[in-house]
Amino acid sequence: MNTAGTLPTKQVADRRARAARTAPSVSMFWRMLLRAAVLRRRRAAAALLAMVLAAAVATAMMNLYVDVQAKLRTEFRNYGANVIIVAKDGPPLPDDAIAKIESTPGAKMLAVPFSYAVARTQDGRSVVVAGTDFTRARQLNRWWKVSRWPVEPNEALIGMRAASAVTPNRQPFELTFEGKAIHLTPVGMLQTGAGEDSRIYLDQSEFENWTDVAPSTIEVAVSGTTADVEKSIRQFEQILPGADIRPVRQIMEAEANVLNKTRATLYASATLVILTAALCVLATLMGWVFDRRRDFAIMKALGASQRLVNGFFAAEAAALGVVGAIFGFLIGVGVAMWIGRVNFHAPVVPRFSVFPYVLAGSVGVALISAILPIGLLRRLQPAIILRGE
Amino acid sequence: MFPRIVYESFRHQSRRKLLAGIAITLGVAVATAMIAVATDIGDKINRELRSYGANLVVTPQEDTLDVEVGGVNLKPPSDGTFLNEADLPKIHGTFWHNNIVGFSPTLPVTVKVGTSNNSEDVTLLGTYFNKTLHFGKDDFRTGVKITHPWWSVTGSCGDGRPARPGQVRAGQDESRQSCGWPNDDSQEILVGQRLAANLNKHPGDRLEIAGQEVTISGILSTGGAEDDQIVAPLALAQQIIGRPGAVSRVYVSALTKPPDALATRDPKTMTPEVYERWYCSPYVESIAYQLQEVIPHSHAEQIRQVAQNEGTVLSRIKGLMFLVTFGALFASALAVAAAMATSIFERRVEVGLMKALGAGNFAVSAIFFAEALLLAMIGGLAGFTVGALLAHQIGRSIFNSQISIQPVLFPIILAIAVLLTFAGSAAAIRRAVKFDPVFALRGEGQG
């Protein structure tokens with residue numbers, strides 16, 4: 001620009017006329033944008049930093065909000081089965097019921113068979129004996145306090161109360177069912193505080209060899225939302241028409257209750273945090289733009305139209321918003337993953353679906369904070385600004 | 001002179017000060033609300049977790065084995081030992097009685113229902129529905145309505161009150177809770193929904209149990225074994241087996257603290273100090289121990305499915321809120337810093353003038369810090385008020401209960417506000433002070 005003074009007047013007039021007719025040179029526009037960033041890098045960096053941090057906080061919050069449901073649902077599955085399948089009077093459940101249940105498409109699930117019989121001890125007392133798949137039961141009922149899981153044949157898991165009644169000094173004992181006797185070693189003690197404490201658990205195949213009783217109950221833990229669970233229940237009804245399929249209301253209602261409250265709290269918190277972050281960007285950027293009122297005045301004094309000046313500042317803000325959103329998103333995802341590791345001991349999956357929102361929000365806030373001060377400045381004469389008043 | 005400069009600065013730049021003040025107020029408000037919510041969330045979620053039902057069960061010490069498959073009790077009814085119903089109100093006298101949300105005794109008995117030639121053995125569960133008990137001068141209510149919140153009853157409103165769904169508050173289904181539930185002192189019963197379908201009975205029908213005529217006040221749906229059972233007032237069950245005052249189980253729902261290393265230690269091996277700390281912490285183990293103390297010949301045990309898992313869920317949610325609060329504090333700090341930096345940067349000319357008139361670096365920064373302190377105090381006070389209201393609103397709309405703001409939070413919030421404002425201003429003040437007065441007065445040298 002400083003060569004303008006040495007040019008012949010006609011040429012300058014020509015240029016001005018051309019500039020008025022056609023759009024201003026694109027390369028000039030970019031150069032101004034770039035120079036603005038390079039020359040005032042400290043303030044530009046401060047504005048960018050605010051933008052990045054705000055975008056990062058917003059990303060982390062949104063990521064957590066989207067992901068926390070899934071995370072908490074996994075925690076809730078530690079409460080055990082949420083669907084129980086019971087054979088109605090009459091035909092027992094088919095042998096391949098477990099395989100059929102677990103192969104239903106959709107939600108992830110874990111099914112554990114249980115079969116029950118009332119056996120007699122040597123002194124004639126009744127005790128409930130249950131057969132199950134220990135590997136699965138262990139996965140499903142994580143709250144079971146078990147001193148040792150049986151592995152060998154003829155080893156039994158014995159409930160605390162059953163133990164004190166059947167074999168107080170943990171000696172091998174004998175049980176009879178319909179005249180057939182079985183000799184068992186109590187290898188592990190089971191403590192749950194509920195009905196399981198009064199039972200003796202055997203491996204399913206061993207139990208069936210002894211009693212000929214097939215599994216009558218299948219406990220299923222279906223992961224997913226209430227809708228997923230209901231869909232699975234309908235699927236089970238088609239696979240096992242002869243069975244009675246019930247959701248465990250105690251588990252499902254409480255889970256929904258706690259989950260909704262947590263989500264609502266997180267939603268409120270995330271909104272507050274994101275608003276605060278936006279406020280921070282607004283304050284920084286407005287200050288930045290306000291500070292450059294001289295640039296604004298010079299541009300206008302040199303004949304730039306209001307539209308061009310608006311466009312220039314808007315483009316600058318948008319660029320800042322985009323760059324801030326990209327870096328902020330990366331940092332935010334990192335923070336969310338860290339929180340997932342620290343708090344849930346499981347990684348939070350980066351949700352790229354959040355990015356458009358962060359981007360739109362960043363650019364939007366940046367544009368607002370650029371346009372607002374411009375609106376105030378346009379009422380002033382460039383001369384007044386340049387005089388420093 | 002010093003107070004006058006500060007005063008005049010506030011008077012003449014009221015708009016700019018207002019903007020900075022608003023930023024501080026909003027930042028502090030968000031911080032206050034988040035801290036209040038985060039400190040209280042444990043208690044709130046703990047209460048929500050009580051919807052999983054009882055986490056403790058009290059049984060007679062010399063209890064016989066349960067012989068029960070799929071909710072059908074195969075044990076002879078008079079078999080076994082019992083707890084005494086008269087001991088139950090003492091639960092309200094334990095050290096942690098404020099943490100005990102409710103309890104319900106149960107007494108299962110086997111009865112025959114149906115016509116004389118086609119009768120069926122059914123378990124009748126005697127319990128409290130919503131009974132008023134007295135302990136000392138206190139009256140309190142307890143029963144399955146509190147301990148088993150997932151039980152739902154459909155029935156007619158016996159006393160002619162229609163269900164008024166329009167007046168039901170969100171989350172608190174009052175009409176469902178009051179209609180169809182039997183009175184604890186009546187001969188009314190609930191019938192499980194599958195049993196009711198089998199017997200073809202409806203609310204209001206009469207039923208003969210063990211030679212007595214009773215009224216079905218509602219149909220019970222639980223999704224558990226009770227769907228095949230009859231649930232009746234405790235007194236009725238005691239009458240049927242001819243043992244007044246007998247109770248075979250007491251389910252207790254208590255607010256507990258997540259277990260840690262101390263919780264699982266055996267109280268017998270503790271030193272007196274450790275024992276006292278253990279006894280005075282609401283661990284599920286110590287509450288069980290205290291229940292055993294007040295109810296003679298009893299054994300209290302945690303229901304591990306409920307008790308063990310709630311600790312994990314609780315600590316996850318608390319941890320999450322803690323981290324989110326951290327995020328909120330960070331964002332507030334940024335907002336306050338940004339506002340302060342902007343407001344100071346714009347006053348370079350003033351700095352130049354002060355320095356040209358002979359003010360030292362110290363005097364200039366003292367003025368700025370004094371202004372920041374004043375702003376922080378005003379903003380902190382306003383922010384605390386707004387934040388308290390915000391927390392109150394969050395508590396009301398989400399948890400249907402108050403979020404209590406500890407008074408001790410106020411000085412902490414004020415300190416945080418001052419700290420945030422100072423930290424936010426420090427960099428800007430340093431740069432303003434370093435400024436060469438000549439350039440500043442000429443209006444140059446930005447950036």
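Two strands count as paired if DSSP finds at least two bridges between them. Keep that in mind, since I start with strands. This is a predicted model.

Start with strand β2 of chain A, residues 109-121. What is the partner of β2(A) over seven bridges? That is β3(A), and the two strands run antiparallel. Strand β3 of chain A covers residues 126-132. If you want one pair to look for, take Ala117(A), whose bridge partner in β3(A) is Val129(A). β2(A) and β3(A) form a hairpin with four residues between the strands. In that hairpin, Gly124(A) has a positive phi, near 85°.

β2(A) also pairs with strand β9 of chain A, residues 217-222. This pairing is antiparallel, over six bridges.

Next, the interface between the chains. On the chain A side, 64 residues are in contact with 59 residues of chain B. β2(A) and β3(A) come back here, as each of them supplies at least two residues to the side of chain A that touches chain B. Which element gives the largest share? That is α9(A), with 23 residues. By class, the side of chain A that touches chain B has 33 nonpolar, 19 polar and twelve charged residues.

Last, a pair of helices within chain B. Helix α1 of chain B is residues 2-12, and helix α11 of chain B is residues 361-399. Their axes come within 10 Å and cross at roughly 55°. Why are the two called oblique? Angles under 35 degrees count as roughly parallel and 65 to 115 as roughly perpendicular, so a crossing at roughly 55° makes α1(B) and α11(B) oblique to each other. The crossing is right-handed. From α1(B), the contact uses Ile5(B), Val6(B) and Ser9(B). From α11(B), it uses Ile367(B), Ala370(B), Glu371(B) and Leu374(B). Sorted by class, this contact of α1(B) with α11(B) has five nonpolar residues, one polar and one charged.

Technical notes
Residues are numbered from 1 along each chain as its sequence is written. Chains are lettered from A and ligands numbered from 1 in the order in which they are written. This is a predicted model: local features need pLDDT of at least 70, side-chain atom pairs count only at pLDDT 80 or more; totals for chains, interfaces and linings use all residues. Axes are lines fitted to C-alpha atoms, for helices over the stretch in contact, and angles run from 0 to 180 degrees between N-to-C directions. Angles under 35 degrees count as roughly parallel, over 145 as roughly antiparallel, 65 to 115 as roughly perpendicular and the rest as oblique. A crossing is left-handed if the near helix is turned anticlockwise from the far one by less than a right angle, and right-handed if clockwise. Two residues are in contact if their C-beta atoms, placed from the backbone, lie within 7 Å. Ala, Val, Leu, Ile, Met, Phe, Trp, Tyr, Cys and Pro count as nonpolar, Asp, Glu, Lys and Arg as charged, and the others, Gly among them, as polar.
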